[in-house]
Amino acid sequence: MQFYCKPALTCSFYENLGLENALILVHTLHMGKTVGLNIKIDPGSSLPVFIQIVDAVSKGVEKGVITPGTRLPATRTLAAKLGVATNTVAKAYRELERHGVVQGRGRLGTYVLDRDQAATHRAAGAYSRSMKSLGHSLEEAQDYLAYAWS
């Protein structure tokens with residue numbers, strides 16, 4: 001089945017034979033980059049579906065199957081193909097972003113970060129969470145960071 005997301009982005013989906021709710025997603029970007037993303041949803045698993053999606057994307061990034069700069073499918077597109085709720089995919093993408101694997105760019109999509117970007121993203125997230133938990137405002141956190149930087 002061929003599914004057109006946007007003029008510059010084509011997503012081809014093929015059912016993986018023998019596994020219920022399993023898909024192999026071939027994501028073709030307008031830049032000519034093709035990335036295989038194998039997501040298998042196991043309805044009998046004790047792991048929540050969003051964690052299964054996080055694991056599949058994380059493993060694809062670790063193995064180099066999904067390269068830095070790659071745009072992940074839109075949440076609605078992936079949700080429809082996996083047969084899950086859009087919020088489930090959105091939650092998985094938020095978790096991937098929290099771990100510094102991807103960066104959400106609003107309406108522009110969700111992109112895979114390279115290792116340096118991921119490390120920077122994780123450090124910034126940890127600093128942000130720490131400052132928030134201590135009750136500091138964004139301005140105060142920036143002041144502390146500027147002081148530490150000098």
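Which residues in α2 meet which residues in α3?

Tutor: Bearing in mind that this is a predicted model, the residues of α2 that take part are Thr75, Arg76, Leu78 and Ala79, and on the side of α3 they meet Thr86, Val89, Ala90 and Tyr93. Sorted by class, this contact of α2 with α3 has five nonpolar, two polar and one charged residues. As for the geometry behind it, helix α2 covers residues 75-82, and its axis comes within 8 Å of that of α3, the two crossing at roughly 120°. Because angles over 145 degrees would count as roughly antiparallel and those from 65 to 115 as roughly perpendicular, α2 is oblique to α3. The crossing of α2 and α3 is right-handed.

Helix α3, which spans residues 86-98, also packs with helix α1, residues 49-62, at an angle of about 50° and with the axes 8 Å apart. That angle makes α1 oblique to α3, and the crossing of α1 and α3 is right-handed. Here α1 contributes Val49, Phe50, Ile53, Val54, Val57 and Ser58, while α3 contributes Thr88, Val89, Lys91, Ala92, Glu95 and Leu96. By class, the contact of α1 with α3 has eight nonpolar, two polar and two charged residues. Looking across the two contacts, Val89 of α3 is listed both among the residues that α2 meets and among those in the contact with α1.

Notes:
Residues numbered from 1 in each chain as written. Predicted model: local features only at pLDDT ≥ 70, side-chain atom pairs only at ≥ 80, totals over all residues. Heavy atoms only, no water. Axes fitted to C-alpha atoms, helices over the stretch in contact; angles between N-to-C directions. Helix = DSSP H or I, 4+ residues; strand = E, 2+ residues; numbered from the N terminus. Parallel < 35°, antiparallel > 145°, perpendicular 65-115°, else oblique. Left-handed = near helix turned anticlockwise from the far one by under 90°. Contact = heavy atoms within 4.5 Å. Nonpolar A, V, L, I, M, F, W, Y, C, P; charged D, E, K, R; others polar.
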